[in-house]
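My notes follow the order in which I looked.

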Amino acid sequence: MGDTSTLACVELAGKTAIVTGASSGIGASTVRKLREAGVRVVGGARRVERIDADVALPLDVRGEDSARAFVEAAVAELGGIDILYNNAGLALGRAPFWESTEEDEATVIHTNVDGAMRMTRLCLPHIRDGGHILFTGSVAGRQAYPGGASYIAAKFGLRGFVYALREDLLGRPIRITTVDAGLVAGTEFSLVRFKGDAAKAASVYEGVDPITPDEVADCVLFALTRPPHVNVDEIVIKALQQSSGARIVRRAPPPV
Ligand code: NAP
């Protein structure tokens, strides 16, 4: 048996990618890093005007028509897909489940779970051999915490889908990776979650050194560049000061 550690890593230059949720946060950072590595990237989101990619296209992952039109246009631009990064997602609310609403639950489940499934199904016929499908999960998809039921259900559901997809694609030359992140600042995640309440959003990161979107993007790039026979199934990345979405040891605020 040879020493596989010396096998060449995957070279990204010249490859093509689709990134969902490219208008902000982790998606925007990943688009930038992929392009720096020589990848031609189509970015999708509803706020298409905010996407800085080789090609920016409107996308609402909750709608089949929107997703289908996006994939058709992206494939016309790219020719074929080497990398699909299913990153679009959101949480709504941080209250006990009895305060949840039908509308918020549907939005969270449809964006995080159905959206990623739909995009994967529509892209799969265009993903070339040697391709790679990645997902942004969350520590919320591994450990529950109070006041996050719909988001926790969605990210647990996403993880179940990814495990099943890996079974169905086993034997085909397509790799699959999920990056499960903890507290990531420098995104609009908490602003969206608290429906525009900037003070509440900022309090999530008080007294903590959170992860940055670039640090999550680095995990994506790490998985992508391993040698072709190596599948990095899951990467779990948390702030040092947290063990879960709920258990966070914060520095005391400075005395006033
Ligand atoms: P963000 O800055 O709010 O970015 C979310 C992205 O998703 C935006 O580009 C948004 O674009 C897009 N999006 C939302 N709904 C969409 C829809 N229906 N169709 C298409 N795109 C949609 O937050 P982020 O932290 O970078 O979030 C990226 C991923 O990381 C999400 O899956 C989130 O669950 C996950 N995550 C975040 C954290 C964190 O602490 N920030 C931790 C763990 C996991 P438009 O609004 O323009 O459509």
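These entries cover salt bridges first and a helix after that.

**Ground rules.** I am working with a predicted model, where local features need pLDDT of at least 70, side-chain atom pairs count only at pLDDT 80 or more, and totals for chains, interfaces and linings use all residues. Residues are numbered from 1 along each chain as its sequence is written, and side-chain values use heavy atoms, with hydrogens and water left out.

**Entry 1: the count.** How many salt bridges are there? I took a salt bridge as a side-chain nitrogen of Lys or Arg within 4 Å of a carboxyl oxygen of Asp or Glu. The count is 16 salt bridges. Side chains of opposite charge can pair when their charged atoms come close.

**Entry 2: E188 and R50.** I looked up this pair and found a salt bridge, 2.5 Å from N to O. E188 sits in the loop between β6 (174-181) and α5 (189-193), while R50 sits in the loop between β2 (40-45) and β3 (55-58). They are 138 residues apart, so I noted a link between distant parts of the chain. Helices (H or I, at least four residues) and strands (E, at least two) are DSSP runs, numbered from the N terminus. For exposure I used relative accessible area: buried is under 20%, exposed is over 50%, and partly exposed is in between (1.4 Å probe, protein chains only). E188 is partly exposed at 22%. R50 is partly exposed at 39%.

**Entry 3: D82 and R128.** Their closest N and O atoms are 3.1 Å apart, in a salt bridge. D82 is in strand β4 (residues 81-86) and R128 in strand β5 (residues 127-138), 46 residues apart. Is D82 buried or exposed? D82 counts as buried, at 8% relative accessibility. R128 is partly exposed at 35%.

**Entry 4: D233 and R166.** This salt bridge has an N to O distance of 3.1 Å. D233 lies in the loop between α7 (213-225) and β7 (234-237), and R166 lies in helix α4 (residues 149-169), so the pair ties together parts 67 residues apart in sequence. D233 is partly exposed at 36%, and R166 is too, at 28%. I also logged a network: salt bridges with shared partners join R32, E36 and D214.

**Entry 5: helix α1.** I checked the length of α1 (residues 25-36). The expected span is 1.5 Å times one less than the number of residues. Just after α1, G38 takes a positive phi of about 95°.
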